[in-house]
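Please read them with the structure open.

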Amino acid sequence: MEKRRKGTTIFLINQILWTTITNKMQKVRAKKSLGQHFLKDLGVAQKIAETINPVITDTRFPVLEIGPGMGVLTQFLLQNPAISLTAIELDRESVAYLKEWYPELNLIEGDFLKLDLNNVFPSGQFGVIGNYPYNISSQIFFKVLEYKDRIPVCSGMIQKEVAERIASKPGKKAYGILSVLLQAWYDIEYLFTVDENVFNPPPKVKSAVVRLRRNSRQSLGCDERLFKTVVKTAFNQRRKQLRNSLHELISDEAKVESYLTKRPEQLSVEEFINLTKLLEPCQN
């Protein structure tokens with residue numbers, strides 16, 4: 001009971017502080033070019049901040065927040081003593097705002113997609129979290145894959161359609177390139193849906209919060225570059241059977257005969273891996 005009262009008190013203090021800050025800092029405008037939609041619901045922000053907790057095993061676990069904007073998620077992350085928070089923000093107005101209201105925040109002004117994460121985190125593991133800009137959410141996940149051995153958890157809010165895509169299972173319409181490439185290395189959890197009215201300005205689509213947790217796979221057992229090529233080539237012509245979409249990669253149909261009449265959405269991650277193994281000897 002005491003813990004619940006304490007949590008309620010902290011939430012109310014945050015609500016008052018947030019109202020004060022937003023009233024004073026109306027000059028921070030959400031920019032369409034940056035895909036910005038500022039979250040204004042503290043309850044949702046707190047739930048997102050907590051998505052990273054189950055994976056934290058060490059004190060002061062390094063976490064990178066992408067696109068903190070006006071800091072609604074940031075404030076909850078900073079309150080977590082188990083987290084050592086770094087944030088990266090591209091928008092200059094938001095950077096000035098964050099520096100004024102969160103001077104303790106380790107803030108990088110720049111583009112996450114151009115950031116060398118090895119410079120930010122020279123060693124060890126780190127988590128990634130954020131209310132991700134919708135226009136680059138897929139690119140963010142592709143970059144996370146580049147550091148998959150160092151990122152045990154990545155969570156945050158994205159467009160609902162993208163969330164459904166990365167969490168989709170084989171045989172579903174949403175199942176595609178992101179589904180296969182991410183699920184090869186991460187267990188995907190679709191946590192909850194978020195309505196449009198909790199944002200300023202409201203997006204035209206619903207949002208969802210997801211969590212990616214690194215699985216136990218250490219190697220695909222095949223050429224990883226060829227695996228990506230097979231997956232991308234297959235789904236670029238998803239309505240075609242693999243005999244047609246992958247014809248340039250197939251030199252001996254007999255070796256992959258069992259796959260030829262299937263379409264890409266019918267193959268599991270393991271089947272894509274096995275298909276890649278079969279195609280490997282055929283490549284120059």
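1. Strands β6 and β9 (residues 207–214) pair in the antiparallel sense over 7 bridges; two strands count as paired if DSSP finds at least two bridges between them. Within this pairing, the bridge partner of C154 is L212 in β9. Helices (H or I, at least four residues) and strands (E, at least two) are DSSP runs, numbered from the N terminus.

2. On provenance: this is a predicted model, in which local features need pLDDT of at least 70 and side-chain atom pairs count only at pLDDT 80 or more, while totals for chains, interfaces and linings use all residues. Residues are numbered from 1 along each chain as its sequence is written, and side-chain values use heavy atoms, with hydrogens and water left out.

3. Strand β6 (residues 153–159) is mostly covered, with 7 of its 7 residues buried. Buried here means under 20% relative accessible area, exposed means over 50%, and partly exposed lies in between (1.4 Å probe, protein chains only). Besides β9, β6 has a parallel partner in strand β5 (residues 127–131), to which 4 bridges join it. In that pairing V128 stands opposite C154. A crossover is right-handed if, with the strands pointing away from the viewer, the path from the first strand over the helix to the second runs clockwise.

4. What does L212 touch, leaving out residues up to four places away in sequence? The list is F141, P152, V153, C154, I166, L182, Y186, D187 and I188, where contact means heavy atoms within 4.5 Å. L212 is also one of the residues with the most contacts inside the largest nonpolar core, along with F141, I166, F227, F272 and L275. That core has 55 residues, and its largest share, 6 residues, comes from helix α9 (residues 224–236). A second, separate core has 34 residues, including I52, I56, V72 and V194. A nonpolar core is a set of buried Ala, Val, Leu, Ile, Met, Phe, Trp, Tyr and Cys residues joined through side-chain atoms within 4.5 Å.

5. R214 also lies in strand β9. Is this arginine buried or exposed? R214 counts as buried, at 18% relative accessibility. With residues up to four places away in sequence set aside, R214 touches K148, D149, I151, P152, W185 and Y186. Its side chain makes a polar contact of 3.1 Å with the side chain of N215, and a polar atom of the R214 side chain lies 2.9 Å from the backbone oxygen of R217. A polar contact is a pair of N or O atoms within 3.5 Å; within protein, one must be able to donate a hydrogen and the other to accept it, and residues adjacent in sequence count only if both atoms are side-chain atoms. R214 and R150 are 64 residues apart in sequence, with a C-alpha to C-alpha separation of 9.3 Å.

6. Strand β3 (residues 83–89) holds T86, and 6 of the 7 residues of β3 are buried. β3 pairs in the parallel sense with strand β2 (residues 61–66) over 6 bridges, where L85 is the bridge partner of V63. β3 also pairs in the parallel sense with strand β4 (residues 106–109) over 4 bridges, and there E89 stands opposite E109. β3, helix α4 (residues 92–101) and β4 make a right-handed β-α-β unit.

7. T86 is buried, with a relative accessible area of 6%. Its side chain and that of N106 are joined by a polar contact of 3.0 Å. Not counting residues up to four places away in sequence, T86 touches V63, L64, E65, N106, I108, V120 and F121.

8. As for the whole, the protein has 11 helices and 9 strands, and buried residues make up 49% of its 284 residues. Among contacts between residues at least 6 apart in sequence, 69% join residues at least 24 apart.
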